[in-house]
Amino acid sequence: MRLESVCKSYDGVPVLRDFSLTLPARGRVLLYGPSGCGKTTLTRLLLGLEKPDSGQILGREGLRFSVQFQEDRLFAHLTALRNIALVAGDPQSPAALLARAGLSDAAEKKPAELSGGMRRRVALLRALAAPAEVYILDEPFKGMDRALREQMLALVEEKTAGGLLLLVGHEREAMPDADLAVDLGEGAK
């Protein structure tokens with residue numbers, strides 16, 4: 001995928017200005033920077049949820065995307081297991097993913113019965129369960145302690161291997177071994 005001279009503003013305030021970036025077909029890419037620098041806007045543009053004011057995004061056609069937004073966006077009337085099963089390519093994977101994330105006991109609970117951290121993990125697992133070529137994870141480890149973050153990062157890297165992982169965060173340390181790290185606070189505007 002390639003972004004060429006992309007500009008995006010909201011109410012006359014530029015978020016991305018003449019932004020260009022070539023993403024690899026596979027690997028780990030970290031998009032990072034301070035709040036308000038355009039990280040979420042960039043992901044929404046890549047997903048086709050927003051259109052650039054000018055410039056173009058090439059190479060999206062035919063790709064399957066899976067995304068974890070900043071908000072958990074779980075279906076309130078479904079259990080954790082059913083939220084993941086909605087998108088799972090493999091019917092066995094939802095239960096296995098919950099077990100890997102230490103959430104087996106939460107499988108039959110609805111989002112309102114889960115803590116914020118548990119909901120965050122379920123949303124992440126749902127994104128990982130979907131068959132895709134591109135995985136976009138927007139602040140997937142928010143609110144997780146170091147040990148849990150490392151455990152979930154290992155699972156993310158395993159489940160997205162062979163595809164393109166775009167990890168969005170505030171700091172470079174969110175993915176120290178990224179193939180490409182893009183500081184959106186430096187020159188995106």
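Modeller: Let us begin with burial: a residue counts as buried when its relative accessible area is under 20%, as exposed when it is over 50%, and as partly exposed in between. The model before us is predicted. Of the 189 residues of the protein chain, 45% count as buried.

Biologist: Which elements does the protein chain contain, and in what order do they run from the N terminus on?

Modeller: The protein chain has 5 helices and 8 strands. Their order from the N terminus on is β-β-β-α-β-β-α-α-α-β-α-β-β.

Biologist: What radius of gyration does the protein chain have, and what would a compact globule have?

Modeller: For 189 residues, a compact globule would have a radius of gyration near 16 Å; the protein chain has 17 Å, which agrees. The C-alpha trace spans about 50 × 35 × 30 Å along its principal axes. As for contacts between residues at least 6 apart in sequence, 72% of them join residues at least 24 apart.

Biologist: How is the packing of two helices to be read?

Modeller: Two packed helices are described by the angle between their axes and the distance between the axes. Consider helix H3 (residues 93-100) and helix H4 (residues 116-129): their axes come within 10 Å and cross at roughly 135 degrees. H3 and H4 are therefore oblique to each other, and their crossing is right-handed. On the H3 side, Ser93, Leu97 and Leu98 take part, and they meet Val122, Leu125 and Ala129 in H4. By class, this contact of H3 with H4 has 5 nonpolar residues, 1 polar residue and no charged residues.

Biologist: At what angle do the axes of H4 and H5 cross?

Modeller: The axes of H4 and H5 cross at roughly 15 degrees and come within 10 Å. Angles under 35 degrees count as roughly parallel, so H4 is roughly parallel to H5. The crossing of H4 with H5 is left-handed. Arg121, Leu124, Leu125 and Leu128 in H4 meet a set of residues in H5, namely Leu148, Met152, Leu155, Val156, Lys159 and Thr160. The classes in this contact of H4 with H5 are 7 nonpolar, 1 polar and 2 charged residues.

Biologist: Is Leu103 buried or exposed?

Modeller: Leu103 lies in the loop between H3 and H4. Its relative accessibility is 2%, so Leu103 counts as buried. Leaving aside residues up to four places away in sequence, Leu103 touches Leu98, Met118, Arg121, Val122 and Leu125.

Biologist: Which residues of helix H1 are buried?

Modeller: In H1 (residues 39-47), the buried residues are Lys39, Thr41, Leu42, Thr43, Leu45 and Leu46. Just after H1, Gly48 takes a positive phi of about 80 degrees.

Biologist: Where is Glu139 found, and what is its phi?

Modeller: Glu139 is found in the loop between strand E6 (134-138) and helix H5 (146-160). Glu139 is not a glycine either, yet its phi is positive, at about 50 degrees. With a relative accessibility of 13%, Glu139 counts as buried.

Conventions
Residues numbered from 1 in each chain as written. Predicted model: local features only at pLDDT ≥ 70, side-chain atom pairs only at ≥ 80, totals over all residues. Heavy atoms only, no water. Axes fitted to C-alpha atoms, helices over the stretch in contact; angles between N-to-C directions. Helix = DSSP H or I, 4+ residues; strand = E, 2+ residues; numbered from the N terminus. Parallel < 35°, antiparallel > 145°, perpendicular 65-115°, else oblique. Left-handed = near helix turned anticlockwise from the far one by under 90°. Contact = heavy atoms within 4.5 Å. Nonpolar A, V, L, I, M, F, W, Y, C, P; charged D, E, K, R; others polar. Buried < 20%, exposed > 50% of the residue type's maximum accessible area, 1.4 Å probe, protein only. Rg over C-alpha atoms; globule rule 2.2 N^0.38 Å.
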